[in-house]
Amino acid sequence: MTTTLFPAWKQAEADLVAGGLKPGDTLTKERLLQLFGIRQAATIADHQANTFEFMSQMDSLRKRLLRNHNLMLRVITGVGYIVVAPEDQTKVAMRSRGAEVARTLNKLAEAVQFVDTSKLSMAQRQENADAQAKVGTLASMMRSRFRLTNTESK
């Protein structure tokens with residue numbers, strides 16, 4: 001397959017959409033490597049470069065398929081990706097992206113909580129206390145949102 005659009009993910013997008021990509025379809029990693037024009041690695045350095053190239057191309061392709069065609073891709077470990085059905089997109093997004101948000105909030109909470117306040121000025125202590133309160137509010141909002149989502153799906 002010859003790539004006529006650059007970068008390769010643009011050609012992959014065009015080919016997949018022209019080929020009738022739809023919910024339920026599976027895209028194997030091998031097919032995606034072919035679409036991106038990534039050849040099998042001969043060395044460890046080539047493998048690392050290919051991995052980086054694949055991730056970069058895949059990130060752009062995923063965003064473009066979602067934004068331009070409402071097609072969400074979900075990883076299937078050891079296979080590739082599946083196009084998520086529209087009726088499942090919200091649940092998949094909330095589950096996967098919600099988990100990312102929770103991990104990030106936990107890291108943020110730790111970063112603002114474990115500060116040696118004895119070395120801060122009064123203004124800096126106030127700034128830290130305000131930050132902790134904001135993080136607590138965000139965490140509370142996330143917990144209540146996910147409780148609503150979990151009870152809605154039952």
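Predicted model: local features only at pLDDT ≥ 70, side-chain atom pairs only at ≥ 80, totals over all residues.
Student: Which element gives the most residues to the largest nonpolar core?

Tutor: The largest nonpolar core has 17 residues, and Leu21, Leu32, Phe36, Phe54, Met58, Leu61 and Leu73 have the most contacts inside it. Two or more residues each come from α1 (8–18), α2 (29–36), α3 (44–69) and β3 (80–83). With 4 residues, the element that gives the most to this core is α3.

Student: Good, let's stay with that helix. Which residues of α3 are buried?

Tutor: A cover for the buried residues of α3 comes from elements including α1, α2, β2 and β3. In soluble globular proteins, nonpolar side chains tend to be buried together. The buried residues in α3 are Phe54, Gln57, Met58, Leu61 and Leu65.

Student: How far apart are the end C-alpha atoms of α3, and why does that agree with its number of residues?

Tutor: Happy to work through that one. The helix α3 has 26 residues, so at 1.5 Å a residue it should span 38 Å. The distance that agrees with this span, between the end C-alpha atoms of α3, is 36 Å.

Student: And which residue just after α3 takes a positive phi?

Tutor: Look just past the end of α3. There, a phi of about 55° is taken by Asn70.

Student: What about Gln48, buried or exposed?

Tutor: Gln48 is found in helix α3. The cut-off for exposed is over 50% relative accessible area. At 54%, Gln48 is therefore exposed.

Student: Now the pockets. Which element supplies the largest share of the lining of the largest pocket?

Tutor: The largest pocket holds about 680 Å³ of space. Its lining has 26 residues, with Arg62, Leu73, Val75, Tyr81 and Arg97 nearest the centre. At least two lining residues each come from α2, α3, β2 (73–76), β3 and α4 (86–113). The largest share, 8 residues, is supplied by α3.

Student: How many charged residues does that lining of the largest pocket have?

Tutor: Sorting the lining of the largest pocket by class gives 12 nonpolar and 4 polar residues. The number of charged residues in this lining is 10.

Student: Which element gives the largest share of the lining of the second largest pocket?

Tutor: About 220 Å³ of space lies in the second largest pocket. Lys29, Leu33, Ile38, Arg39, Gln40, Ala41, His47, Asn50, Thr51, Phe54 and Met55 line this pocket. Two or more of these lining residues come from each of α2 and α3. With 5 residues, the largest share comes from α3.

Student: Last one: which residues of α4 are buried?

Tutor: The 28 residues of α4 should span 40 Å at 1.5 Å a residue, and its end C-alpha atoms, 40 Å apart, agree with that. Along this helix, the buried residues are Gln89, Val92, Gly98, Leu105 and Val112.

Technical notes
Residues numbered from 1 in each chain as written. Heavy atoms only, no water. Core = buried A, V, L, I, M, F, W, Y, C linked by side-chain atoms within 4.5 Å. Buried < 20%, exposed > 50% of the residue type's maximum accessible area, 1.4 Å probe, protein only. 1 Å grid on protein atoms, 1.4 Å probe; cavity = no way out; pocket = protein on both sides within 12 Å on 5 of 7 lines; lining within 4 Å. Points joined across faces, edges and corners; volume = space filled by probe spheres on them. Nonpolar A, V, L, I, M, F, W, Y, C, P; charged D, E, K, R; others polar. Expected span 1.5 Å × (residues − 1). Contact = heavy atoms within 4.5 Å.
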